[in-house]
Amino acid sequence: MLRQIFIPAVALCSIAILAGCSPSQESQMPEKPTTEKQRLQQLSIAAPQANKIPFSAEYHGKTINDHFNWLKDAGYPEVNDQAIIDYLNEENAYFNAFLTPQKALVDTLFEEFKGRTNDVESSVPWIENDYEYKSFYKPGEEYLTFSRRKLDSDEEVVFLSVTDLAKPFDYFTMDDWEISPNNQLIAYSYNTNGDERYRIVVKDLTTGQMLSDELTDTSGDIVFSADSQSIVYGSLASDRWYTESVKVHILGSKQASDKAIFSESDDGFFIGFGLTSSNEYLVISTGQSETSEVYVVPANDFTAAPVQLVSREQQFLSKVDHANGYFYMLANDTHTNSRLAKVADAEPIYANWETVIAGSNERYLMEMQTFQKFMSVASRENGIERFTIYDYAGKEQDVEFPESVFSVSNGNNREFNQDFVRINYNSMITPSTVFDYNVVNKALVTKKVQEIPSGYDKSQYVTERIMAPARDGVLVPVTLVYKKGFKKDASQPMHLYGYGAYGATISPRFSTTRLSILDRGFSYAIAHVRGSDMLGHQWYLDGKLDKRVNTFNDFVDVARHLVAQKYVAEGNISVSGRSAGGELMGAVTIQAPELWSSVTLGVPFVDVLNTMLDANLPLTPPEWSEWGNPIEDAVAFDYIQSYSPYDNIVAREYPPMLVTGGLNDPRVTYWEPAKWTAKMRELKTDDNLLVMRINMGAGHFSNSGRYGRLRDYAEETAFMLVSHGITE
């Protein structure tokens, strides 16, 4: 039921978040609810204060002073400095002091989230190599179980229980698992501390025994050879978190004797690999944000010399698949929004490429998958997604969906020779749905709709897409969702989400946790800011390097447009973002603190300048193509310094903030949220609450189990709700 968001004065004292609250003060407060926004304020216990140790460094004749630099452990990735650990533990204790009076709200939210989770969720079965597979959760379990049955048998056999594997550990993630082509072996990769250095082991499915093979310091990805006698994996540098080579391991041999198929000498390039849909070739791709280099190796002979399809000197991006004697490439070599090209696998030189679908200003080609008789292509036009089937004679058919704004992608299509395409579909109001699209009769068959045990009535919610003008006149797409009866009179709260980096777009997807705030009267909006690729590849280019501030300006301008259109009032907007989206949160907190009711900075990349100045960090060299290289380029130094959130904290009032991080995070190192929190607490002039939660046993993705993650979300949502004066 919709309701106006009020908070009685007595509740302010009962949740113990207002400093100096006493019975005498309580009696002086108005008895009836007030529509004024209530701020989260400092706890009654003292907030941690990080030590200040002088540190300075000089670049391009300019001096950086950073007295919280000591929070970066000199022995990283090992973190053993007791002073650092003590400070992080103090911050966690302070966060827990905030949580204590919010326990009822957190528990309520957790039960709401859990109530929308099917305890025995199972996948749509899929066919692969003469077996039918499926995954499912057993009642109460945090992790998946996988089973299969031979197509000519009724016997279903469990071959992998992630729950059983995870039992000895506080943190456990499975990255990849693969069944060998002869169906006798399974190789899987796992991690137990969040640092994303995966261990690969192999099990004999016939005997149930583990093989002696155990590969360490891997990227997690696994590919079996055609003869099932070896596996391909990514080998991480011993002292840095990046894949330095793709290696072949012959089962039964020692890892030290593994041979490299491909090695990358430039640590500014990321390596990835995988089989084509035809299973005929291993594709190895290395690259950075605007450049890729691609090689192929016959899947039946990993000892063959890799054949180059694309060179880094050509300086364009490409994605490769294979079918019926041809490689198919999505490449932005002739148009920024990419074309689809093909080339015979017998002589795949660039001069022989033929255009299948030309590049277009209107249509952005994003993904494709080949099948024996057709291919599927996912694209976007003016921010609206399309899913198209092409046969190899050039005929095409668009798949028609029931909504105008939605998210669609290839589903679990493991068989190369099939007459349908499995599709994943959802929208802001439509739960995750699996369709099979029959290519011959053009029928869209529903295979599964996400079950919400506690109930969900789609007709009670509304979604819309609007365009918000940015300060330079560009129109920014915004996707909104709210419950029917929502009043566009600026009286109800809003949560605004953003990311905006690496060309990654936050698609309009369904969320069961989001329902808890919609049912409490919120609208929810996604600002599809520049830096994403919502409106094409150029949309991404217009939010990186020397155009990076467009991302931050877009987000603030979207918020101001929503205020002007009376979706919400200034100061009644809570915001959040993770990783590079956490950088966005830091930047908009600095730029327009008056707009926000609260800010949640998840594993935030806020210390941009210092990180880009540290070439020894494993992810810094690859990131220079995204942000610029301030070591070599004085202009880049000045520009990054002008917007880097940590460097731009000044003495003024800021909204309440929740900051999160992981001690073992290799993507955004723990000291970024820690330094932001320490400096912000030193300089801010308000009494608004600033708390930080550092997971001391995890990395970039916090808790690993499905219910553990829901508990994290419940804590974060509780913080946000209380900033709007909602306590139940």
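Which loop holds Gln 315? Gln 315 sits in the loop between strand 17 (307-310) and strand 18 (318-323).

This is a predicted model, in which local features need pLDDT of at least 70, side-chain atom pairs count only at pLDDT 80 or more, and totals for chains, interfaces and linings use all residues. Residues are numbered from 1 along each chain as its sequence is written, and side-chain values use heavy atoms, with hydrogens and water left out.

**View A. Gln 315 has a positive phi.** The phi of Gln 315 is about 60°, although this residue is not a glycine. Gln 315 is exposed, at a relative accessible area of 60% (exposed means over 50%, buried under 20%, partly exposed in between; 1.4 Å probe, protein chains only). Strands are DSSP runs of E with at least two residues, and helices are runs of H or I with at least four, numbered from the N terminus.

**View B. Ser 228 also has a positive phi.** Ser 228 is not a glycine, and its phi is about 65°. The residue is in the loop between strand 10 (210-224) and strand 11 (230-236). Ser 228 counts as buried, at 1% relative accessibility. Most residues other than glycine have a negative phi, and most peptide bonds are trans.

**View C. The peptide bond from Tyr 76 to Pro 77 is cis.** Omega is near 20° for this bond. Pro 77 belongs to the loop between strand 2 (62-65) and helix 3 (82-99).

**View D. The largest nonpolar core has 76 residues.** Leu 496, Phe 555, Leu 562 and Trp 596 touch the most other members. A second, separate core of 36 residues includes Leu 40, Leu 105, Val 106 and Ile 429. A nonpolar core is a set of buried Ala, Val, Leu, Ile, Met, Phe, Trp, Tyr and Cys residues joined through side-chain atoms within 4.5 Å.
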